[in-house]
Amino acid sequence: MLLDPPRPRSVTEHHTVAAYAFDGMSPFELGCVVEVFGLPRPELGVPWYELKVCAASTGPLRAVGGFTMATEYGLDDFAAADTVVVTAVPDVRGEVPAVLVSALRQAHERGARVVSICSGAFALAAAGLLEGRRATTHWRYADLLAERYPAVRVDPDVLYVDDGRILTSAGSAAGLDLCLHLVRRDHGPTIANAVARRLVLPPHREGGQAQFIEAAVRPLPAGSESEGGGITHSLNWALEHLAAPIAVADLARVAHMSQRSYIRHFARATGTSPLRWLVAQRVAAARPLLETTDAPVEEVGCAVGFADAATFRHHFSRAVGTSPSAYRRTFRS
């Protein structure tokens with residue numbers, strides 16, 4: 001693990017932010033960095049940033065959508081910046097370019113602030129900067145990041161992680177959340193709120209990326225359980241009776257097992273406990289009701305089997321990272 005030397009930092013007139021660009025990139029994440037740090041904002045009355053978009057070569061770079069771009073700044077400029085941002089990597093399953101790894105290590109050793117957006121976390125991990133640290137990436141890549149770099153403590157549920165001089169964010173739009181967080185760290189909440197208003201964004205979004213992970217109520221396919229032919233039958237039965245009180249004894253009875261045997265076979269088939277599985281299915285069933293109906297939160301919770309509104313709010317917030325009401329405001333059709 002590379003250690004952070006104690007070095008105070010402050011934003012001055014010459015604070016540079018360098019963003020990494022590469023051939024074949026999607027322009028959205030780069031656009032987030034350009035929008036927050038690249039536009040002059042003299043009306044705010046504070047020293048702003050100098051943005052440099054950097055690449056390994058000065059030739060034209062193809063971007064998704066059929067256009068090209070070029071930059072006059074190379075990776076020497078990237079390594080010399082005060083804040084360096086990797087917005088993505090070309091291939092999350094491939095090797096990170098050695099020149100980028102070297103530039104990241106140089107920047108870190110100099111005391112720069114190192115930031116990643118979305119799959120850019122793979123570059124920070126390849127450079128050894130995330131070893132022993134908590135970090136995040138897009139939820140689709142979280143398992144792969146943990147598999148490829150087991151020394152990284154991957155948190156797939158948050159929009160971003162601030163670990164001092166190393167910061168990582170989840171996918172795409174979460175890059176804006178992290179960029180605004182950096183402005184908040186550097187200039188305080190008043191300036192960050194002003195930038196957010198200009199972007200027509202909330203200064204701070206509620207919840208984490210768990211609320212954006214695809215979720216659906218899905219029983220196990222027939223025959224998928226390794227033991228106990230009644231497990232799948234009991235899961236399908238539970239999904240048909242979610243609104244009713246369901247105890248482990250009820251599931252065991254439907255599966256024609258003793259309660260003790262049922263719990264053991266259930267864990268082997270699903271990797272979790274019956275009660276945790278039930279809670280997850282009820283939360284998943286509540287999402288479309290919150291998105292598509294006007295039913296009060298209390299009625300939604302009751303419709304999917306939670307005993308009361310407080311229990312529903314507790315389990316929903318714990319699973320999704322935001323309250324049922326906040327989720328509805330975000331995803332209401």
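1. Of the 333 residues of the protein chain, 47% count as buried, where buried means under 20% relative accessible area, exposed over 50%, and partly exposed in between, with a 1.4 Å probe and protein chains only. This is a predicted model, in which local features need pLDDT of at least 70 and side-chain atom pairs count only at pLDDT 80 or more, whereas totals for chains, interfaces and linings use all residues. Residues are numbered from 1 along each chain as its sequence is written, and side-chain values use heavy atoms, with hydrogens and water left out.

2. The protein chain has 14 helices and 10 strands; these are DSSP runs (helices H or I, at least four residues; strands E, at least two), numbered from the N terminus. Among contacts in the protein chain with a separation of 6 or more, 63% are between residues 24 or more positions apart. Contact here means heavy atoms within 4.5 Å.

3. The largest nonpolar core holds 71 residues, and Phe37, Phe78, Leu104 and Val183 touch the most other members. Helix H6 (residues 174-187) gives the most to this core, with seven residues. A nonpolar core is a set of buried Ala, Val, Leu, Ile, Met, Phe, Trp, Tyr and Cys residues joined through side-chain atoms within 4.5 Å. Apart from this core lies another, of 29 residues, which includes Ala252, Phe266, Leu290 and Val300.

4. Leaving aside neighbours within four places in sequence, leucine 104 is in contact with Phe78, Val84, Val86, Val114, Ala123, Leu124, Ala127 and Leu129.

5. The axes of H6 and helix H7 (residues 189-198) come within 7 Å and cross at roughly 150°. Axes are lines fitted to C-alpha atoms, for helices over the stretch in contact, and angles run from 0 to 180 degrees between N-to-C directions. H6 and H7 are therefore roughly antiparallel to each other, since angles under 35 degrees count as roughly parallel, over 145 as roughly antiparallel, 65 to 115 as roughly perpendicular and the rest as oblique. On the H6 side the contact is made by Leu180, Val183, Arg184 and His187, and on the H7 side by Pro189, Ile191, Ala192, Val195 and Ala196. By class, this contact of H6 with H7 has seven nonpolar, one polar and one charged residues. In this classification Ala, Val, Leu, Ile, Met, Phe, Trp, Tyr, Cys and Pro count as nonpolar, Asp, Glu, Lys and Arg as charged, and the others, Gly among them, as polar.

6. Helix H11 (residues 274-292) packs against helix H14 (residues 324-331) at an angle of about 55°, with their axes 8 Å apart. That makes H11 oblique to H14. Arg287, Leu289, Leu290 and Glu291 in H11 meet Pro324, Tyr327, Arg328 and Phe331 in H14. The contact of H11 with H14 has five nonpolar, no polar and three charged residues by class.

7. Within H14, the buried residues are Pro324, Ala326, Tyr327 and Arg328. Their cover includes H11, helix H12 (297-303) and helix H13 (309-320).

8. Cysteine 118, although not a glycine, has a positive phi of about 55°; it is found in the loop between strand S6 (113-116) and helix H4 (121-126). At 8% relative accessibility, cysteine 118 counts as buried. Histidine 256, also not a glycine, has a positive phi of about 60° and is placed in the loop between helix H9 (248-254) and helix H10 (259-270). Histidine 256 is exposed, with a relative accessible area of 73%.
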